[in-house]
Structure formats: structure tokens, C-alpha cells
Amino acid sequence: MKKNIERILSFILVCGMAFGMLPTIKPAEVRAEGVGTTDLFNGHATYLLQDGFNGITSTTINDQTVSVLTGWDVDNRGGRIYKYQGNLLIVDGNSFESTTMSHKLMKHKGDGLVLESAFKYQNSVTNGFYYQVSGDGKTSLKLFVEGGYIYIQKPGGQKTKIIKCDANTFYYIKAEFSTSVNKVKLWINGLTAGEYDYLESATSIDEIKIGTGKEQMAEIVLD
């Protein structure tokens, strides 16, 4: 009797596999934890910013032409920012003021938060150009150019040299942030530069700032 039952069950199983008649098992329902809000992003592998810099216009303030870039707070005291041949140019023609642009983001928390950008010096390489990523006033990443090299600022005033910086050469930056462990992975021109601790302990990302140094003049192209 037992052998007959086993034969019958085996026959049903073979027929079911042959004709696709076996019932499928419904996967367990996955529920999202927490409620989404408009002022906080908790996610994975998301780009922090996508901007073609198409919203740039010029206006006159106190007899001076000033660039206005939609979505960015622009400080033109050291020069000007304008669109040229599809790229954005940051010009610092002043040896005692800087030219900066900053963008406030929806507050982001999580791992796999990605910043990608590219820059080049139009003419000669000078000190001071930087990328800075912050959250709640705490800086997680600062990349800057000094002495012809790209550096990353480290806690305690230390800095690490990453790659030589030449004029008329684009440097493609990719930084992946993990706010859960306060670390950032960095790639330049597709090569791994390393994984680094945040400059300051930051539990979120909500601002990107790009600018020049105060002491030296520069022309930077953002691609």
C-alpha cells in the first residue's frame, strides 16, 4: 500500500512538472518600515543630484552682471559663473575673494548615496578648488586641489594626496556615502582611491558646495 501511494505521488509530481500545473508558492509580503516623508530620504544607490545647469541667467545688481543659477546659491564676489558650450564655467578673477555655488538637498540618510561630477582647470592649475558635501552643518567629504594634486581632507587637520591634477584634463569624481557608518568610498577617473572616514560625524547629507580658494585665481569647467 505504501509503495502504491509513493508511486501515485511520484506520477502526480512528474505530470505537474511536465505541464506546469504545480501551484506556485506566494512569496511572503514585504512591508515597508516607517512612513515616507517629504523632508527625509532613506534609501539605497541614489544619486544626490542631477543638474544640467540649464537654469542659469544673468542679471544686473549695482551695475554689475551677476549670474543666477536656479536651485543654487551663487557667490560671485570672486568672479562669475556662466554656461559655455554645454558646460558650466566657474571663474575666479580675484586674489582675495572666492567664487562658490551651493545647493541644498532634501535630507538624505542611508547607504549607497552617490555623488558624481567632473571638473577640469581651463588654463593653469591653482590651489583652492573644492567639493564639499555636508549634512546638518557637518562636513562628510571635502576634496580640494593644492600644489598640483587632488587631496581629501581628513579628521584632525590631516590630508591625503590622491592624484596629480593637470590643466585641460577632466577628473571624474564618484563618491558613495554610507551615513550608517560615516564612511565614503571614492573613485577618480574610474580608479578606486579608497574608503575614508567622514571628515566630521554626519548623520545625513543635505548640501553640496563647489568653489574656489580665496587667494588664487582660477578657471574651472564643470562637465
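A residue counts as buried here when its relative accessible area is under 20%. In this predicted model, buried residues make up 38% of the 223 residues in the protein.

As for the overall build, the chain has 1 helix and 16 strands. What share of the contacts with a separation of 6 or more comes from residues 24 or more positions apart? Such pairs account for 61% of them.

Now for the inside. The largest nonpolar core has 39 residues. Met-101, Phe-119, Phe-129, Phe-177, Ile-210 and Leu-222 are the ones with the most contacts inside this core. Strand β7, running over residues 100–121, gives the most to the core, with 6 residues. Phe-119 has quite a list of partners, even with residues up to four places away in sequence left out. Among those it touches are the aromatic residues Phe-129, Tyr-131, Phe-170 and Tyr-171, and the list also includes Val-145, Ile-150, Ile-173, Ile-220, Val-221 and Leu-222. Cys-165 and Thr-169 are on the list too.

Charged side chains are the next thing to look at. Side chains of opposite charge can pair when their charged atoms come close. The count of salt bridges in the model comes to 7.

One of these joins Asp-136 and Lys-107, with 2.6 Å from N to O. Asp-136 lies in the loop between β8 (130–135) and β9 (138–146), while Lys-107 is in strand β7, so the pair ties together parts that are 29 residues apart in sequence. Are the two residues buried, partly exposed or exposed? Asp-136 is partly exposed, at 47% relative accessibility, and Lys-107 is also partly exposed, at 24%.

Another salt bridge links the side chains of Asp-166 and Lys-164, at 2.7 Å from N to O. Asp-166 has a relative accessibility of 33%, so it counts as partly exposed. Lys-164 is partly exposed as well, with a relative accessible area of 44%. Some salt bridges also share partners, and these join Lys-104, Lys-107, Asp-136 and Asp-206 into one network.

Arg-77 and Asp-75 make a further pair, their side chains meeting at 2.6 Å from N to O.

Note on methods
Residues numbered from 1 in each chain as written. Predicted model: local features only at pLDDT ≥ 70, side-chain atom pairs only at ≥ 80, totals over all residues. Heavy atoms only, no water. Core = buried A, V, L, I, M, F, W, Y, C linked by side-chain atoms within 4.5 Å. Buried < 20%, exposed > 50% of the residue type's maximum accessible area, 1.4 Å probe, protein only. Helix = DSSP H or I, 4+ residues; strand = E, 2+ residues; numbered from the N terminus. Contact = heavy atoms within 4.5 Å. Salt bridge = Lys/Arg side-chain N within 4 Å of Asp/Glu carboxyl O.
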